[in-house]
Amino acid sequence: MSAEPLARLRLDKWLWAARFYKTRALATDEIDKGRVRVNEQIVKPARELKPGDLVELRQGVVLRTVLVRGLSAVRGPAPVAQQLYEETPASIAAREAAAERRRLAPEPANAIEQGRPTKRDRRQLADWNRWSASVDDAG
């Protein structure tokens with residue numbers, strides 16, 4: 001088997017090899033949900049990728065834009081996987097800004113003063129009438 005460089009590779013396989021997703025199945029699901037674009041177009045998992053393509057992908061709440069630098073059909077260590085792509089400066093800035101916003105955002109759990117409401121508290125919160133018909137409406 002020759003070790004010649006690949007000219008084209010399936011998108012789902014590249015996303016897995018570049019360590020954006022833990023499994024090819026996860027990569028395929030994300031592509032099918034429309035969360036991955038190649039050159040600003042919605043694509044299918046079997047789309048052939050080549051060096052120079054621009055890939056936009058979403059990992060959780062993070063939107064990343066990367067330029068394909070190399071292709072690999074095997075999933076190697078992280079330093080090797082990072083050589084397969086180059087993240088755009090705009091993507092890096094947006095990712096860092098989002099991380100800073102999350103860091104500075106208030107913790108939702110701090111808004112709870114007394115913990116979980118008791119059954120009595122829940123009854124008091126629910127002032128609305130639970131029944132669709134009442135005695136007062138029959139008239």
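How many bridges join S2 to S3? There are 2 bridges between S2 and S3, and these strands run antiparallel. The model is a predicted one, in which local features need pLDDT of at least 70 and side-chain atom pairs count only at pLDDT 80 or more, while totals for chains, interfaces and linings use all residues. Residues are numbered from 1 along each chain as its sequence is written, and side-chain values use heavy atoms, with hydrogens and water left out.

**Stop 1: the sheet**

Colour the model by secondary structure. Strands (E, at least two residues) and helices (H or I, at least four) are DSSP runs numbered from the N terminus. Two strands are said to pair if DSSP finds at least two bridges between them. An open sheet of 5 strands, paired antiparallel, has the order S3-S2-S5-S6-S7. Its edge strands are S3 (41-42) and S7, each of which pairs on one side only. Select Arg37, which stands opposite Ile42 in S3.

Then follow S6 to S7, where 3 bridges join the two antiparallel strands. Val68 has Tyr85 in S7 as its bridge partner.

**Stop 2: the helix across the sheet**

Select residues 89-104, helix H4. This helix lies across S6 and S7 and runs at about 160° to S6; such angles run from 0 to 180 degrees between N-to-C directions, with axes as lines fitted to C-alpha atoms, for helices over the stretch in contact (heavy atoms within 4.5 Å). Is S6 itself buried or exposed? Because 5 of its 7 residues are buried, S6 is largely enclosed by the rest of the structure. Here buried means under 20% relative accessible area, exposed over 50%, and partly exposed in between, with a 1.4 Å probe and protein chains only.

**Stop 3: the nonpolar core**

In soluble globular proteins, nonpolar side chains tend to be buried together. A nonpolar core is a set of buried Ala, Val, Leu, Ile, Met, Phe, Trp, Tyr and Cys residues joined through side-chain atoms within 4.5 Å. The largest one in this model has 20 residues, and Leu11, Trp14, Leu15, Phe20, Val36, Val55 and Leu57 touch the most other members. Helix H1 (11-17), helix H2 (24-32), strand S2 (36-38), strand S5 (54-59) and strand S6 (62-68) each supply at least two residues. H1 gives the largest share, 3 residues.

Now select Leu11. Leaving aside neighbours within four places in sequence, Leu11 is in contact with residues including Ile31, Val36, Val38 and Leu49.

**Stop 4: the aromatic cluster**

Finally, show the side chains of Trp14, Phe20 and Tyr85, which ring pairs link into a cluster. Rings of Phe, Tyr and Trp (its six-membered ring) pair if their centres lie within 6.5 Å; planes under 30 degrees apart count as stacked, over 60 as edge-to-face and the rest as tilted. The whole structure holds 3 aromatic pairs. Trp14 and Tyr85 have ring centres 6.5 Å apart and planes at 80°, so this pair is edge-to-face. The pair links helix H1 with strand S7 (residues 85-87), 71 residues apart.

Phe20 and Tyr85 form a tilted pair, because their centres are 4.7 Å apart and their planes stand at 45°. Phe20 lies in the loop between H1 and H2, so this pair ties together parts 65 residues apart in sequence. Phe20 is buried at 5% relative accessibility, and Tyr85 is buried at 15%.
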